[in-house]
Amino acid sequence: MSIVAEIYEKTARELAAMLRAGEITSRELTQLFLDRIEALNPTLNAFLFVDAEGALAQAQAVDADRAADRELPEFAGVPIAIKDNMCQRGIPTTCGSNMLAGWKPPYNATVVEKLHDARLPIVGHTNMDEFAMGSTTEHSAFGPTRNPWDSARVPGGSSGGSAVAVAAHLVPWALGSDTGGSIRQPAAFNGVVGAKPTYGAVSRYGLVAMASSLDQIGPFAANVEDAAALHSIVAGHDTHDSTSLPDSDVNVRERATSGVTALNRADSELTVGVVKEMMGEGYSPDVLEIFRSLVQQLKDSGVTVREVSCPSFSYALGAYYLIMPAEVSSNLARFDGVRYGNRVLPQEGPVTAETMMAATREAGFGTEVKRRIILGTHALSAGYFDAYYGSAQKVRTLVQRDLAAAFEEVDVLLSPTAPTVPFELGQHQHDPLQMYLNDIATIPANLAGVPAMNIPAGLAQGLPVGVQLMAPAHEDARMYHYGAMLESLADPTASQVPAERLSALVGRENR
């Protein structure tokens with residue numbers, strides 16, 4: 001294996017150590033990743049925009065400060081990517097939609113400011129389902145992203161671009177957003193770690209909203225420790241965000257590090273709950289086999305495993321697909337060609353505000369976005385509000401109560417992250433319900449606002465399978481601690497795309 005290949009496969013922590021030791025400069029490191037993006041992105045379509053000039057300038061500034069022996073943050077100079085729904089001043093931010101094609105925000109999202117403070121060169125914006133609506137990253141106006149494990153398969157979504165960027169070593173880590181599993185599900189499909197923090201732990205200021213009560217920014221990384229480190233960098237209270245927690249625990253990395261050695265101490269005081277409702281119909285036998293194998297390893301290590309029941313989980317999917325579209329309908333009303341969005345004039349008939357708005361929304365939004373706007377508008381209409389939206393909010397309360405009761409019995413909850421392995425591109429294009437069902441295990445954490453993460457667990461049919469770890473609200477550190485413990489038990493091949501598969505992608509085009 002070449003030295004360059006070894007660098008790509010190093011964790012963010014290892015790369016930061018190399019930078020501090022003077023073994024490589026940030027500019028050299030950033031250029032290596034930019035070269036890799038140039039080679040693989042034509043096939044994978046993980047990036048919608050690559051800011052080579054800006055990233056190299058940030059890297060060069062870090063090198064200059066390091067040469068002058070100025071104090072720098074621990075991870076200064078390690079490149080990163082962000083999902084294309086996070087505002088970055090002067091950089092195209094499209095949300096994967098024609099509605100915002102070419103739009104350049106006049107301000108930075110809070111997480112972008114925090115990345116700048118940490119001195120991380122931002123190499124570009126990653127592909128996503130349009131306005132974060134989808135579970136496959138096929139619903140981008142700029143073409144689908146492909147899974148590096150098998151380019152004929154989906155990478156999951158909506159943060160598929162960020163997951164692929166980390167899995168294919170285009171960057172060592174990345175940010176995504178999670179509304180109903182949009183970090184954890186693509187993390188499972190790509191064999192990487194992905195975490196959704198407690199709602200409010202990371203500021204949403206500058207994140208283009210999909211469903212405001214559900215959206216949360218979180219990290220993708222090659223391992224749990226890097227994910228915890230990135231979480232620590234971007235978390236914290238923000239006065240610009242009215243939902244930001246005043247007491248966000250950003251010191252989660254130490255707990256992740258200690259979790260690596262938890263098994264060596266025979267952590268017999270830990271009680272893990274296995275959710276009965278996340279083990280039944282709809283889950284692939286291959287996925288359940290890997291999950292049960294990991295549970296058995298926990299038992300063999302002295303951990304107490306207990307089955308718990310959360311009856312409301314059976315209704316969570318239906319509730320989510322009423323609450324989320326209702327918030328989508330409200331949030332996307334602003335994209336009308338008057339306030340926001342690329343204006344389109346009608347081809348025929350009089351040009352009025354009404355016909356212009358209709359033409360703008362018809363041309364600017366894709367099929368899945370239109371579907372959810374219509375569904376949400378219907379759910380909020382006067383005749384159906386109580387029956388649909390009101391009932392869904394009651395289910396949300398039940399989900400929160402069931403989780404609270406479960407966490408009185410156990411320390412963390414464990415389930416499969418996704419019910420299947422990555423499926424083929426186009427498989428569910430004409431059956432959106434099947435795509436929605438892929439969020440069945442991840443949605444409860446969003447409805448309740450609790451932290452949850454994916455840990456690669458094993459391989460089925462040569463494709464990665466992940467397990468989901470949930471912790472109580474505000475206990476993100478606990479999640480990372482035991483996530484690292486689970487990581488030490490899992491099959492390491494589940495988090496490493498075979499080199500020959502990546503090599504085969506070079507020179508091909510996304511078609």
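**Entry 1: R184**

I started with R184, which is buried at a relative accessible area of 0%. The model is predicted, and I kept that in mind for every value below. I placed R184 in helix α7, which covers residues 184-190. I then looked for a polar partner and found that the side chains of R184 and N446 are joined by a polar contact of 2.5 Å. Setting aside residues up to four places away in sequence, I listed what R184 touches: D178, G194, K196, T417, T442, A445, N446, A452, M453, N454 and Q468.

**Entry 2**

I asked in which order the strands of the open sheet run. The order is β1-β3-β2-β4-β6-β5-β10-β11-β9-β7-β8, with 11 strands and mixed pairing. I noted β1 (47-50) and β8 (304-308) at the edges; each has a single partner strand, so one side of each is left without a neighbour in the sheet. From one strand to the next, I read an average twist of 30°.

I went through some of the pairings. Strands β4 (residues 173-178) and β6 (residues 216-221) run antiparallel and are joined by 6 bridges. In this region I found A174 opposite F220 in β6.

**Entry 3: β10 and its surroundings**

I looked at β10 separately. How many of its residues are buried? I got 8 of 9, so I wrote the strand down as mostly covered. To β5 (residues 193-196), β10 is joined by 3 bridges in the antiparallel sense. The bridge partner of K196 in β10 is A452.

With β11, β10 pairs over 8 bridges, antiparallel. I noted A460 opposite L463 in β11. The two strands form a hairpin with 2 residues between them, and Q461 in the turn has a positive phi of about 60°.

**Entry 4: aromatic pairs**

I searched the whole structure for aromatic pairs and got 11. One of them is Y321 with Y436, which is stacked at 4.2 Å centre to centre with 20° between the planes. Y321 lies in helix α11 (residues 313-331) and Y436 in helix α15 (residues 432-436), so the pair ties together parts that are 115 residues apart in sequence. I looked up accessibility for both: Y321 counts as buried at 8%, and Y436 counts as buried at 11%.

I also took down Y384 and Y388, whose ring centres are 5.5 Å apart with planes at 10°, so this pair is stacked too. Are these tyrosines buried or partly exposed? Y384 is partly exposed at 37%, and Y388 is partly exposed at 33%.

I noted a cluster as well: ring pairs link F131, F335, Y340 and F365. For a charge over a ring, I have R36, whose charged end sits over the ring of Y8, 4.4 Å from its centre.

**Entry 5: L115**

I found L115 in helix α5 (residues 110-117). At 0% relative accessibility, L115 counts as buried, because buried means under 20%. Leaving aside neighbours within four places in sequence, I listed its contacts as I80, I82, L120, I122, L175, L230, I233 and V234. I also took one C-alpha to C-alpha distance: L115 and A76 are 9.4 Å apart in space and 39 residues apart in sequence.

**Entry 6: N510**

Last, I looked up N510, which is in the segment after α18 (499-505). N510 is partly exposed, with a relative accessible area of 22%. Which residues does N510 touch, not counting those up to four places away in sequence? I wrote down P42, T43, L44, N45, P144, T145 and R146. For a C-alpha to C-alpha distance, I took N510 to V303, which are 45 Å apart in space and 207 residues apart in sequence.

Notes:
Residues are numbered from 1 along each chain as its sequence is written. This is a predicted model: local features need pLDDT of at least 70, side-chain atom pairs count only at pLDDT 80 or more; totals for chains, interfaces and linings use all residues. Side-chain values use heavy atoms; hydrogens and water are left out. Helices (H or I, at least four residues) and strands (E, at least two) are DSSP runs, numbered from the N terminus. Buried means under 20% relative accessible area, exposed over 50%, partly exposed in between (1.4 Å probe, protein chains only). A polar contact is a pair of N or O atoms within 3.5 Å; within protein, one must be able to donate a hydrogen and the other to accept it, and residues adjacent in sequence count only if both atoms are side-chain atoms. Contact means heavy atoms within 4.5 Å. Rings of Phe, Tyr and Trp (its six-membered ring) pair if their centres lie within 6.5 Å; planes under 30 degrees apart count as stacked, over 60 as edge-to-face and the rest as tilted. A charge sits over a ring if NZ of Lys or CZ of Arg is within 6 Å of the ring centre and within 35 degrees of the ring normal. Two strands pair if DSSP finds at least two bridges between them. Axes are lines fitted to C-alpha atoms, for helices over the stretch in contact, and angles run from 0 to 180 degrees between N-to-C directions.
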